[in-house]
Amino acid sequence: MEVISIDRSTYEPQYKQDFIQLNKQWIETYFGLEQSDLDTFAHIDDCIIGRGGQIFLAVDDSGQVVGCCALKPHPESDIYELAKMAVSPEAQGRGIGYALGEALLKYARQHDIKRIFLEGNTQLKASISLYRKLGFKEIPLKGKAYERCDILMELNLT
């Protein structure tokens, strides 16, 4: 399986179910869906795309979406969130998560976004390592949106 595009493939309505399915798959494997997940899935166009965010997709050479992540805006605090990063189990270990993160950061810099945060879980060691590799640093955890989260990380792009 060879990935042919990362940053070329941004959200279009036909990718909505792929985005939801990839995220449900990892969340249900390790934790359980929470109301915040369901709210995001039900309002992708409103709470991500319609507010100035973006969804990035990794598409393989057969046209199948094998990874995704979202840049979710929080305009009330002038900060964005790296959210809903997922790579299909069959495609893991091929650098897709890193490529998605790089596409998200490139987009953020092009759109003059200053700060990005993410909520994670330290049980998912590969994801925490990935976030550190992308430049995210741990900050004190407060006001988490998901019960499963036990780490808060942030990246300043200034």
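Strand β5 is mostly tucked away: five of its six residues are buried. Keep in mind that you're looking at a predicted model.

**Who sits beside β5?**

- On one side of the pairing story is β4, which pairs with β5 in the parallel sense over two bridges.
- If you want to find that pairing in the structure, look for Tyr80, whose bridge partner in β5 is Ile116.

- Arg115 forms a salt bridge with Glu154, and their closest N and O atoms are 3.1 Å apart.
- Arg115 lies in β5 (residues 115–120) and Glu154 in β7, so this pair ties together parts that are 39 residues apart in sequence.
- Are the two partners buried or exposed? Arg115 counts as partly exposed, at 33% relative accessibility, whereas Glu154 is buried, with a relative accessible area of 16%.

**A linked set of charges**

- Which residues are linked in a network of salt bridges? They are Glu34, Asp37, Lys84 and Arg148.
- Take Glu34 and Arg148: they form a salt bridge, with the closest N and O atoms 3.5 Å apart.
- Glu34 is in the loop between α1 (16–30) and α2 (35–42), while Arg148 is in the loop between β6 (137–139) and β7 (151–156), so the pair ties together parts that are 114 residues apart in sequence.
- Glu34 has a relative accessible area of 16%, so with the cut-off for buried at under 20% it counts as buried.
- Arg148 is buried as well, with a relative accessible area of 10%.
- Next come Asp37 and Lys84, which form a salt bridge whose closest N and O atoms are 2.6 Å apart.
- Here, too, distant parts of the chain get linked: Asp37 belongs to helix α2 and Lys84 to strand β4 (residues 79–87), 47 residues apart.
- Both Asp37 and Lys84 are buried.

Notes. Residues numbered from 1 in each chain as written. Predicted model: local features only at pLDDT ≥ 70, side-chain atom pairs only at ≥ 80, totals over all residues. Heavy atoms only, no water. Salt bridge = Lys/Arg side-chain N within 4 Å of Asp/Glu carboxyl O. Helix = DSSP H or I, 4+ residues; strand = E, 2+ residues; numbered from the N terminus. Buried < 20%, exposed > 50% of the residue type's maximum accessible area, 1.4 Å probe, protein only. Pairing = 2+ DSSP bridges.
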